[in-house]
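Have the model open beside you as you read.

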Amino acid sequence: MASFQERILETIQTDFEQIKKMPADKNQRNECNILLKRIESAKKLFLADASLTAKLVDIEKKINSFKEGR
């Protein structure tokens, strides 16, 4: 069974995949911003686990890159 932190990471990844499928409009941009805020909150929960924090940072970079590229 996945830990609470791993589950948070999974939902963030899943949500990002869903956001990428949305039409490129204001709603998609807003959802990306909300997801980035969730990542910032999750980083605070993951302080003790460097590997999960690194995964969050990687997803954060992908989201920012996606936002800039559309």
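This is a predicted model: local features need pLDDT of at least 70, side-chain atom pairs count only at pLDDT 80 or more; totals for chains, interfaces and linings use all residues.

Start with helix H1 (residues 4-20) and helix H2 (residues 26-45), whose axes lie 10 Å apart and meet at an angle of about 165°. Since angles over 145 degrees count as roughly antiparallel, H1 is roughly antiparallel to H2. The crossing of H1 past H2 is left-handed. On the H1 side, the contact includes Phe4, Ile8, Ile12, Phe16 and Ile19, while H2 brings residues including Cys32, Leu35, Ile39, Ala42 and Leu45. Sorted by class, this contact has 10 nonpolar, three polar and four charged residues.

Asp15 of H1 and Arg38 of H2 are also among the contact residues. Their side chains form a salt bridge, with N to O at 2.4 Å. This pair links distant parts of the chain, as Arg38 and Asp15 are 23 residues apart. Arg38 is partly exposed at 31% relative accessible area, and Asp15 is partly exposed too, at 28%.

How many salt bridges does the structure hold? There are six. One of them joins Arg7 and Glu10 at 3.3 Å, N to O; both residues sit in H1, three residues apart, about one turn of the helix. Another joins Lys62 and Asp58 at 3.5 Å, N to O, and here the two lie four residues apart in helix H3 (residues 50-69). Lys62 is partly exposed, at 46%, as is Asp58, at 39%.

Definitions and conventions. Residues are numbered from 1 along each chain as its sequence is written. Side-chain values use heavy atoms; hydrogens and water are left out. Axes are lines fitted to C-alpha atoms, for helices over the stretch in contact, and angles run from 0 to 180 degrees between N-to-C directions. Angles under 35 degrees count as roughly parallel, over 145 as roughly antiparallel, 65 to 115 as roughly perpendicular and the rest as oblique. A crossing is left-handed if the near helix is turned anticlockwise from the far one by less than a right angle, and right-handed if clockwise. Contact means heavy atoms within 4.5 Å. Ala, Val, Leu, Ile, Met, Phe, Trp, Tyr, Cys and Pro count as nonpolar, Asp, Glu, Lys and Arg as charged, and the others, Gly among them, as polar. A salt bridge is a side-chain nitrogen of Lys or Arg within 4 Å of a carboxyl oxygen of Asp or Glu. Buried means under 20% relative accessible area, exposed over 50%, partly exposed in between (1.4 Å probe, protein chains only).
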